[in-house]
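Open the model in a viewer and keep the selection panel at hand. The stops below give what to select and what is there.

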Amino acid sequence: MRLITRKGHDFTARLPLATAAVAALPARSFLIDGEAIACDDNGLAVFEMIRHRHHDVELCAFDLLEIDGADLRSSPIEERKRTLARLLRRSNPGIVLNEHFDGDGAGVYRHACALG
């Protein structure tokens, strides 16, 4: 099990909470696309906090590209997200599912901006 950055760096040892959560998932093999996040006291993800808070950085998972040898990349994103949600349904602290919002994208964006 490895956590690899987009530039190819292995962050497995640097992110122990996320590593333990991913290692405990109930599948033989998988490839999850996600983003490391650290949240402030209000629960908002703050990218700059990752540099200082390695012990409680979580993986925010938003796509599942492979599971147990099955390449899912050609499957519709909605199907991949449903499969990812099932994989994470009993997950541990350290990995969270990035929620999908149907509806008015501009309204969701305005609300996100208002939250900071």
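Select leucine 64, which is found in strand S2; helices (H or I, at least four residues) and strands (E, at least two) are DSSP runs, numbered from the N terminus. Leucine 64 counts as buried, at 0% relative accessibility. Buried means under 20% relative accessible area, exposed over 50% and partly exposed in between, with a 1.4 Å probe and protein chains only. This is a predicted model, in which local features need pLDDT of at least 70 and side-chain atom pairs count only at pLDDT 80 or more, while totals for chains, interfaces and linings use all residues. Residues are numbered from 1 along each chain as its sequence is written, and side-chain values use heavy atoms, with hydrogens and water left out.

Now show what surrounds leucine 64. Leaving aside neighbours within four places in sequence, leucine 64 is in contact with Phe30, Leu31, Ile32, Leu72, Arg80, Thr83, Leu84 and Leu87; contact means heavy atoms within 4.5 Å. Leucine 31 lies 33 residues from leucine 64 along the chain, and their C-alpha atoms are separated by 6.0 Å.

**Helix H2**

Select residues 77–88, helix H2. Its 12 residues reach 16 Å from the first C-alpha to the last, close to the 16 Å expected at 1.5 Å a residue; the expected span is 1.5 Å times one less than the number of residues. Which residues of H2 are buried? They are Arg80, Thr83, Leu84, Leu87 and Leu88. These residues are on the same side of H2, because they cover an arc of only 130 degrees around the axis. The arc is that of the directions from the helix axis to the C-beta atoms. Among what covers the buried residues of H2 are S1, S2 and S4.

**Helix H1**

Move to helix H1 (16–23). Ala18, Thr19, Ala21 and Val22 are the buried residues of H1. They cover an arc of only 165 degrees around the axis, so they are on the same side of H1. The buried residues of H1 pack against S1, S2 and S4.

Pick out threonine 19 in H1. Threonine 19 counts as buried at 15% relative accessibility. Not counting residues up to four places away in sequence, threonine 19 touches Met1, Leu3 and Thr12.

Step back to alanine 13, in the segment before H1. Is alanine 13 buried or exposed? Alanine 13 is exposed, with a relative accessible area of 76%. Draw a distance from alanine 13 to leucine 115: the two are 102 residues apart in sequence and 32 Å apart in space, C-alpha to C-alpha.

**Two loop residues**

Select glycine 94, in the loop between H2 and S4. Glycine 94 is buried, with a relative accessible area of 0%. Apart from neighbours within four places in sequence, glycine 94 is in contact with Leu17, Ala18, Ala21, Glu58 and Leu59.

Next comes aspartate 68, in the loop between S2 and strand S3 (70–71). Aspartate 68 is not a glycine, yet has a positive phi of about 45 degrees. At 36% relative accessibility, aspartate 68 counts as partly exposed.

**The largest pocket**

The largest pocket holds about 950 Å³ of space. A pocket is an open set of points on a 1 Å grid over the protein atoms alone, where a 1.4 Å probe fits, with protein on both sides within 12 Å along at least five of seven lines; lining residues have an atom within 4 Å of a point. Grid points are joined across faces, edges and corners, and a volume is the space filled by probe spheres set on the points.

To centre the view, select Leu3, Ile4, Thr5, Arg6 and Gly34, the closest to the pocket centre of its 32 lining residues. Helix H1, strand S1 (30–37) and strand S2 (58–67) each give two or more residues to this lining, and S1 gives the most, with 7 residues. The lining of the largest pocket divides into 18 nonpolar, 5 polar and 9 charged residues.

**The second largest pocket**

Finish at the second largest pocket, with a volume of about 560 Å³. Leu44, Ala45, Asn98, Phe101 and Ala112 lie nearest its centre, out of 15 lining residues. Strand S4 (95–97) and helix H3 (105–115) are the elements that give two or more residues to this lining. H3 supplies the largest share, 4 residues.

Methods. Nonpolar A, V, L, I, M, F, W, Y, C, P; charged D, E, K, R; others polar.
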